[in-house]
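This report describes the fold of one protein chain and a few of its parts. Please look at the structure below before reading on.

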Amino acid sequence: MTDSSTTVRPDRRAELAAGLVRVQARIADACDAAGRDRANVTMIAVTKTYPAGDVLALAGLGVTDMGENRDQEAGEKAAAVAAAGATPRWHFIGRLQRNKARSVVRYADVVHSVDSVRLARALDTAASTRDSPLAALVQVSVDGDPARGGALPGSADPDVGLDAVAEALAAAPALRLAGLMAVAPLGWEPERAFARLAEVAAAFRAVHPGATELSAGMSGDLEIAIRYGATHVRVGSALLGMRPTLR
């Protein structure tokens with residue numbers, strides 16, 4: 001982790017507060033435009049590379065959900081934040097190797113990036129000592145390119161087919177199948193990507209009606225993701241600023 005300090009300068013706190021006002025206004029406007037209830041969209045503050053102090057400041061401003069994508073950084077940061085008395089809901093949103101499952105389940109409340117049956121089984125084993133099931137989302141490959149990560153819709157592959165991964169999560173006693181996650185592929189317009197994701201999500205919910213969460217959209221495309229049904233948007237730079245400004 002670049003900076004584990006839990007102290008926050010007053011000017012940094014003000015900067016975060018201003019960013020939060022802007023992002024919350026964008027989400028509210030997007031929900032209004034889509035005819036959706038604002039209460040049904042959760043903002044995840046993506047705090048990767050930012051210090052624990054920023055997490056504490058955001059928590060003090062009412063942000064309840066934080067996202068990280070590197071296990072070592074996330075684990076250290078979650079421990080520092082907990083030691084300072086804050087208990088946000090931690091979302092692991094990066095690609096996850098099976099050998100990191102035992103570490104991630106110690107602090108994560110939700111894992112967004114389950115993209116294989118093997119990973120689902122590793123998480124289930126690792127989460128067996130938890131007091132409550134670990135929420136898990138299947139990461140979907142919108143463009144069908146397995147090299148980019150994500151389970152493959154319509155594929156019969158027993159390890160990375162979307163149906164196979166979902167069934168593995170649904171059957172895992174230490175996990176809870178919560179829904180789907182996706183990132184707009186490089187070279188795709190967000191409109192095309194999230195329209196495709198909405199089609200996949202509709203078919204998925206017909207089979208798994210309790211798995212209603214849809215994690216999609218980031219700083220640059222959250223409005224489009226909300227239009228197509230995102231229940232969770234992952235916001236980094238629009239909220240926290242660009243990393244060089246924090247030097």
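## The whole chain

The model is predicted. Its protein chain has nine helices and eight strands. The radius of gyration is 17 Å, close to the 18 Å that the globule rule gives for 247 residues, so the chain is as compact as a globular protein of that length. Along its principal axes the C-alpha trace spans about 55 × 45 × 30 Å.

How much of the chain is buried? Of the 247 residues, 51% count as buried. The accessible surface of the chain comes to about 11,100 Å², and carbon and sulfur atoms account for 51% of that surface.

Contacts can also be sorted by how far apart the partners are in sequence. Taking contacts between residues at least 6 apart in sequence, 62% join residues at least 24 apart.

The charged side chains come to 28 positive and 28 negative. The centres of these two sets lie 4 Å apart.

## Helix α2

Helix α2 covers residues 52-60 and is mostly covered, with seven of its nine residues buried. Which residues are the buried ones? They are A52, G53, D54, V55, L56, A57 and L58.

After α2 comes G62, which has a positive phi near 100 degrees.

## Salt bridges

The count for this model comes to 13 salt bridges. Three of them are listed here.

| Pair | Closest N to O distance |
|---|---|
| E68 and K77 | 2.8 Å |
| E191 and R227 | 2.7 Å |

R26 lies in helix α1 and E223 in helix α8 (residues 222-227), so the pair ties together parts that are 197 residues apart in sequence. R26 is partly exposed at 25% relative accessibility, and E223 is partly exposed too, with a relative accessible area of 30%.

Another bridge is formed by E191 and R227. This pair links distant parts of the chain, since E191 is in helix α7 (residues 190-207) and R227 in helix α8, 36 residues apart. E191 counts as partly exposed at 34% relative accessibility. R227 is partly exposed, with a relative accessible area of 46%.

T49 lies in the loop between β1 and α2. With a relative accessible area of 22%, T49 is partly exposed; the cut-off for buried is under 20%. The C-alpha atoms of T49 and E68 are separated by 8.7 Å, and the two residues are 19 residues apart along the chain. E68 is the residue that forms a salt bridge with K77.

S116 is found in the loop between β4 (110-114) and α5 (117-126). Its relative accessible area is 8%, so S116 is buried. Which residues does S116 touch, not counting residues up to four places away in sequence? By that count S116 touches D159, V160 and V165.

S128 lies in the loop between α5 and β5 (134-139). The relative accessible area of S128 is 53%, so S128 is exposed; the cut-off for exposed is over 50%. The C-alpha atoms of S128 and R102 are separated by 9.9 Å. Along the chain, S128 and R102 are 26 residues apart.

Note on methods: Residues numbered from 1 in each chain as written. Predicted model: local features only at pLDDT ≥ 70, side-chain atom pairs only at ≥ 80, totals over all residues. Heavy atoms only, no water. Helix = DSSP H or I, 4+ residues; strand = E, 2+ residues; numbered from the N terminus. Rg over C-alpha atoms; globule rule 2.2 N^0.38 Å. Buried < 20%, exposed > 50% of the residue type's maximum accessible area, 1.4 Å probe, protein only. Contact = heavy atoms within 4.5 Å. Areas by Shrake-Rupley, 256 points an atom, 1.4 Å probe, with all protein chains shown as cover. Lys, Arg positive; Asp, Glu negative; His and termini not counted. Charge placed at Lys NZ, Arg CZ, Asp CG, Glu CD. Salt bridge = Lys/Arg side-chain N within 4 Å of Asp/Glu carboxyl O.
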